[in-house]
Each structure stands twice: as C-alpha cells, then as structure tokens.
Amino acid sequence: MKKFLSLILTAITLLSFTSCASGSKSSKLSPEEIFNRQATDNAQAYLTDKYGFTAKVIKCSMITEDTYKCPMNYNPGEDAEVRMDHNGEPFIVIISGLKDSLEGRDSYQDKAITDAVSEMIEKDFGSDNTTTYSVFNKIDNTITDNGLRSKSQYYDGTNLKDMLYDSGHRCIEVYDKDISDENAFRDIIDTYSKTNKYFELCIVSYKDAQKYNSHVISGAYLDKAKADSYDKLSEDVFKSNSDKISSYRRYFGDGTSEYVSFDKEPASETAETSSSERNIT
C-alpha cells in the first residue's frame, strides 16, 4: 500500500509539472519525458561542475523501490539513474529528475580507483596475485552510496584512502612468497588501516601454485560477504587450511592486526607471538 501511494504521489507531481508548463513546448512531452529531460540536464550540469565535461546519455530511468536489490541511499520516485559514456568509459549518475539539482552521485572514477589499488598491490606482490573485495551496503545501519561518490568525493590521484570508506574486506592471495616483513607492503597497510572499524585486509601466502588455485580463503570471505555480516572471518578457516597456507596477515579497521605462520621455522614472528593483537603504525 505504501509503495502504491508513493507511485500515485509521484504521478501527481509529474502531472502538476506538465500542467505548469501548459502552452510551452514542454506541455507536449509526457510526464516520463519531462522527468528524464530534467534528470539528464541535471546529470550534465553535475558532470560539468565536478569534472569539467559532459557525456553521452545512454539511458535514463526513474529509480523505484524495485530498481536495486540491495539497500541504496536514493529517493525512489524522485531520483533517476542516468547511464552515460565518456570517451568509451560507461558510468552512471544518480540525480533528481523532479527539480534542478547539482547534488548527485556517480561511478565515473570507479575504474581509476580500482586500477590505482591494483597497481599498488602489483608493485609489492607482482602480477601473480588474486584480490577479492566487497563494499558494505550499510555501516552501523546507515545506508552507504554503494561505491558511488558524491560531487565532493573527487579522486585526484593522491587521496586514494579517502575513496575507500565503504570497503568491507580485501583479500590478497599470493603463493610461495615470504610475507613475514610487513614493511614490504607498508603502502597497502597504510592505505587501508582504519578505513572503517569493520574493514578487514587479509594477505595470505599459499604453499604453491596448485594450492593457491583453490582460493579457499578468498572464497570464505566472499561467503561471509553474502551473509552481510560485520563479524570477522573465523580463524578456523585458516587453521583448517593450514596444509595449503604458509602464512597470513590480517589488518582490521580498529587498528589491530595479526600474523600467523604455519611453517615449521617461520622467518619472523612465531605463530604463538603473532596471534596477539598490536597497533598498526
């Protein structure tokens, strides 16, 4: 019933908008066309203000309560999803279709941010790594923008850490690599430390390529993400796969971390001392 009333109110608003435009060229447009025109005009103005360019519009549609399967920080019946393309880069802008507005969110820089993280990881571990990650839909019951960024959230090449607030976890898998010296990947640790209090970074080294290809740890993280839980991944997942893993490091958003080695003669910390928590510097 609530959803039905919402749709009725939206229709009335759009019809009123059409009535106010009576006698003008806009009066010949349907309510849907008026809504889409306002949304695309807003999206272009938003892009010009944030990035200094306009883009090709691929599709524009009103966001309803059924548009997204996960929680989204938008206003159904008021906001539009505008699919766009700029120099071969597809992206979306979410912005009002009912009134003039420059307040929106977009995914245009998502590839640049993802590439920057990948380059940072490859610099320390080489291209023989597998990375999985998740983004929280909610943090402390507050809906996030699910990877989309507002006009003020602009990636300038130096503020990567600021772009990762809604990250849930990142699991970096390698094989036959010594990860006992955390200074060898300090950039990654510093970038993700204290991203949010629920975040978890895991770096795990498998014993060989065959065991690495099983991806048991990253698979466990993905299963946890599907469960939409803030709980840390159980240490039993690591212990039960000790025949495949040489060692692992975990860094948590609250500033604590741990290092565990399953090798008989660890190169650095022992399993007993490394399992204790310590601050990330």
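Start at the second largest pocket of this predicted model. Select Thr144, Asp145, Gln153, Tyr165 and Asp166: of the 13 lining residues, these lie nearest the pocket's centre. The pocket volume is about 190 Å³. By class, its lining splits into five nonpolar, four polar and four charged residues.

Now centre on Gln153. It sits in the loop between strand S8 (149-150) and S9. Its relative accessible area is 29%, so Gln153 counts as partly exposed, between the 20% and 50% limits.

Show the neighbours of Gln153 next. Leaving out residues up to four places away in sequence, Gln153 touches Lys50, Gln109, Leu148 and Met163. Pick Gln109 from that set. Gln109 is 44 residues from Gln153 along the chain, and their C-alpha atoms are 9.9 Å apart. The Gln153 side chain reaches the backbone nitrogen of Ser150 at 2.8 Å.

Move on to the largest pocket. Its volume is about 250 Å³. It has 19 lining residues, and the closest to its centre are Asp110, Thr114, Tyr133, Val135 and Arg149. Select those five.

Colour by element now. Helix H3 (110-125), strand S5 (130-135) and strand S9 (167-175) each give two or more residues to the lining of the largest pocket. H3 gives the most, with four residues.

Eight residues are nonpolar, seven polar and four charged.

Definitions and conventions:
Residues are numbered from 1 along each chain as its sequence is written. This is a predicted model: local features need pLDDT of at least 70, side-chain atom pairs count only at pLDDT 80 or more; totals for chains, interfaces and linings use all residues. Side-chain values use heavy atoms; hydrogens and water are left out. On a 1 Å grid over the protein atoms alone, a cavity is a set of points where a 1.4 Å probe fits but cannot get out, and a pocket is an open set with protein on both sides within 12 Å along at least five of seven lines; lining residues have an atom within 4 Å of a point. Grid points are joined across faces, edges and corners, and a volume is the space filled by probe spheres set on the points. Ala, Val, Leu, Ile, Met, Phe, Trp, Tyr, Cys and Pro count as nonpolar, Asp, Glu, Lys and Arg as charged, and the others, Gly among them, as polar. Buried means under 20% relative accessible area, exposed over 50%, partly exposed in between (1.4 Å probe, protein chains only). Contact means heavy atoms within 4.5 Å. A polar contact is a pair of N or O atoms within 3.5 Å; within protein, one must be able to donate a hydrogen and the other to accept it, and residues adjacent in sequence count only if both atoms are side-chain atoms.
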